[in-house]
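Welcome, and thanks for taking a look at this one with me. Please open the sequence and the structure side by side, and we will walk through the ligand sites, the chain contact and a few backbone details.

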Amino acid sequence: MKVTIDGIEIDVPKGTTILQAARMIGPKVAPPAMCYYTKLKTSGGYCRTCIVKVTKGSTANPTPMPKPVASCRTEVMDGMEVQNFTSPDLLEARKGVVEFLLINHPLDCPVCDQAGECHLQDLGYNNGSVKTRYEFKRREFDMIDIGKYIKLHMTRCIMCFRCVKVADQITNNRVHGVMHRGDAAEISTYIENVIENDFSGNVIDVCPVGALTDKTFRFKQRVWFTKPVEAHRKCDKCSGKVRLWFKGEDVLRVTARKDQWGEAEDFICNDCRFEHKRKSDWVIEGPSPISHHSVISQNQYEHLNEKEVEILKHQKALGFMNYDKRP
Amino acid sequence: MGKKLLIHNDHVPNIHTLDVYRAHGGYASVEKALKTMTPEQVTEEVKKSGLRGRGGAGFPTGLKWSFLAKPEGVPRYLVCNADESEPGTFKDRYLMERHPHALIEGMITASYALGARNSYIYIRGEYFYVHRILEKAIKEAYAAGWLGENILGTNYSLDLHMQIGAGAYICGEETALLESLEGKRGNPRIKPPFPAIAGLWGCPTVVNNVETIAAVVPIVNNGGEEYAKIGVGKSTGTKLISASGHINKPGVYELELGLPVEEFIFSEEYCGGIRNGKKLKAVVAGGSSVPILPAELILKTAKGEPRLMTYESLGDGGFITGTMLGSGGFIVMDEDTSIVKNLYTFTRFYHHESCGQCSPCREGTGWMEKILQKFINGTANESDVDLLWDIQSKIEGKTICPLGEAAAWPVAAAIRHFKQEFIDIAKKKKFDDVSHYSRLNKNVVA
Ligand SMILES: Cc1cc2nc3c(=O)[nH]c(=O)nc-3n(C[C@H](O)[C@H](O)[C@H](O)COP(=O)(O)O)c2cc1C
Ligand code: SF4
Ligand code: SF4
Ligand code: FES
């Protein structure tokens, strides 16, 4: 099926969503996605940041769609035409969504462990306003311990429901769910019930903000002062393929490996995540590929993969150098 | 007197019992359909009747039925939406309370047309006493053989189940209703798939409003064409209107679609004019979510034609100068009513009822309420009017279900037609509530 997004055509298999098609084209047309997660069934559709404008439904039925649609939950039709970054109205609408996500967010980035790898920071930076128009008291919740490894700081939650889907689909014995309604809704473990499950730690990786954090890492270090490295070990519960976050010779944190879109490549078990914090536990593969846009790549330009550096050098030679891409 | 088809036996004592209902021609549509018609023929009559959904959206019922997927070996369901929670709407309650067998009869005939072996009535939690009335009526119907195995000796069997909700407005949205019926949290589903393809327990399902289902009875009895003769254009048949507010005779009225709005408000047969000799200020014509219209625009369209009680006439002028028939919750406001306060009340409702799944509705409804609260407190600024306008525009059309729109439209319409009231409060830094309600009860002011 042929679909055109922001003027770029691509051929995709039937059943592909607009978001997936846009990601196939690349970051220059891919909408931001805060709640969709490729590995989690029924995720997406909630946050509304990935909305796009369908200006032509399909070749068979060219009528445009009357409202913006959630690209993560809308399948492409043959001949569909979509606008994302090329539609000023759509960008204005998305700015509205981002504002809604931010009005009740505490904006406590200076003390939040997620800062530096937070999708809400990126989203706000790329699509938000500099000033807030919200003048009321922001919503607050008490912090909850989800077992001995995970902290739930609900005040920061954006209700993407990814963690609920993890609890539902990856762990058995689900105790983690949603209580209450509307803006009083909260992610809960039904009163601090421990998720005693080998894979519960994955809720930390899927959380786009600092609402779910790793208690073994809390307040240890700003992420941009740590150095990510790909490593593996033999594990009988998961693939054992992880990312280690070093400070000097110390492993401060173990996470799943994230792809270009910030999604875990493989979910990992709690054993690997929380119980193996010695360098000698792991076989080190090499530096992690971190986007050079990310603050995490600060002081670590040597990790840009060779090909990318080559392209950049080539561009520089031709005088095309984009300022913020300079190696 | 207009023709009545749904509550024409209102005056008959004990019409809520099976015997009396039957003696007045009840269950004839079941006999006719099961014994002389195929399911397709029943659907065909409903198509011909031009009946449109009475739950709010006005979608053609026959068309909805014909979309129902019919895969071999998969059950199909009819679900009656009796969640009626839209502020200003209380017509389904009236029908179920007084004419429970009319709904049950409609359920049987409609279920036969759709090929449903099990059907459901999902009833609003606060209607527990109506639930009891219906329960009793269903028992009577089972005992008399109108429900259960081999109805009237045919090979059609139907079981009718009732489920009582827990009092959430959102469970009136059809997919949230299905979730709730399945025993889950009442969150609207992301569509597609639509219920006609994958509804209750993933099976093809039709969800219809109480009044829609009850209207199937006269349609089958008299024929679709006869039904279509009542009304104007694409607004066929009769409609129950629940009239409330500052009128002399609030209540539920059945009227022929096409009745002039002016006649409905001022004639003795219907609302009987504005109470205490006051002047008409504004009307919310179809339940709290439809745009409010000032007196001059509800009585006449922008073109100067008399406004009629039809889907088309009320919709004339789009949202700039028109509104919607909606669910038929007709709220009349006199000259002393504060539009700002009314809007505050509505907005507080939507904020309270948002399910919280999608960001614009979850966050936006609460934000709008807080700003409106400033108007009530007399602390709002003029710029707050523009901010409200901007927030509603950013909710509308960006949500999973139409509750987002239902929250945004009243705000947009109040500002569109009554902006000066907002500005005055902001300028004076004081909210003077002169409404009858507040005079009666001073400390109710929020
Ligand atoms: C927030 C919300 C609340 C609703 N509440 C009701 C309700 O209480 N009763 C009802 O019949 N329809 C309600 N609806 C409309 C239903 O989703 C659905 O359109 C209707 O039941 C279809 O029946 P109809 O075609 O017979 O009108 C509601 C819709 C929304 C978005
Ligand atoms: S805690 Fe995190 S993952 Fe869970 S819903 Fe909130 S933001 Fe999403
Ligand atoms: S629009 Fe409101 S009620 Fe509807 S799904 Fe979204 S949050 Fe829930
Ligand atoms: S990513 Fe599509 S709605 Fe959240």
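Which strand of chain B supplies the largest share of the shell around ligand 1? That would be β4, residues 205-209, which contributes 3 residues. Before going further, please keep in mind that this is a predicted model.

**The site of ligand 1**

Ligand 1 has 18 residues around it, and the closest are Gly55(B), Lys64(B), Asn208(B), Asn209(B) and Thr212(B). By class, this shell holds 4 nonpolar, 8 polar and 6 charged residues.

| Residue | Atom on the protein side | Atom of ligand 1 | Distance |
|---|---|---|---|
| Gly172(B) | backbone N or O | nitrogen | 3.3 Å |
| Asn208(B) | polar side-chain atom | oxygen | 2.9 Å |
| Asn209(B) | polar side-chain atom | oxygen | 2.6 Å |

How much of ligand 1 does the protein cover? On its own the ligand has 610 Å² of accessible area, and the protein covers 89% of that.

Phe161(A) has a phi near 70 degrees, a positive value in a residue other than glycine. You will find Phe161(A) in the loop that runs between β7 (150-152) and α4 (162-169) of chain A.

**Where chain B meets chain A**

Next comes the contact between the two chains. Chain B brings 32 residues to it and chain A brings 33. The size of an interface is often given as the accessible area lost when the parts come together. For chain B and chain A, about 2,800 Å² is buried between them, with 55% of it on carbon and sulfur atoms. Within chain B, the residues that lose the most area to chain A are Glu363(B), Trp367(B) and Lys394(B), which together make up 25% of what that side buries.

How many salt bridges does the rule find across this interface? The count is 6. One salt bridge joins the side chains of Lys374(B) and Glu135(A), with 2.7 Å from N to O. Polar contacts link 18 residue pairs between chain B and chain A, both partners at pLDDT 80 or more.

Three helices of chain B, namely α15 (339-353), α16 (359-377) and α17 (383-395), each supply at least two residues of the side that touches chain A. Of the elements on that side, α16(B) gives the most, with 10 residues. By class, the side of chain B that touches chain A has 11 nonpolar, 10 polar and 11 charged residues.

**Two cis peptide bonds**

Finally, chain B has a stretch of backbone to inspect if you plan to check omega angles. The bond from Lys191(B) to Pro192(B) is cis, with omega near -5 degrees. The bond from Pro192(B) to Pro193(B) is also cis, with omega near 0 degrees. Where does Pro192(B) sit? Pro192(B) belongs to the loop between α8 (174-181) and β4 of chain B, and Pro193(B) is placed in the loop between α8 and β4 as well.

Technical notes: Residues numbered from 1 in each chain as written. Chains lettered and ligands numbered in written order. Heavy atoms only, no water. Contact = heavy atoms within 4.5 Å. Buried area = accessible area lost by both parts, 1.4 Å probe. Salt bridge = Lys/Arg side-chain N within 4 Å of Asp/Glu carboxyl O. Polar contact = N/O pair within 3.5 Å; in protein donor to acceptor, adjacent residues only side chain to side chain. Helix = DSSP H or I, 4+ residues; strand = E, 2+ residues; numbered from the N terminus. Nonpolar A, V, L, I, M, F, W, Y, C, P; charged D, E, K, R; others polar. Near = heavy atom within 4 Å. Areas by Shrake-Rupley, 256 points an atom, 1.4 Å probe, with all protein chains shown as cover.
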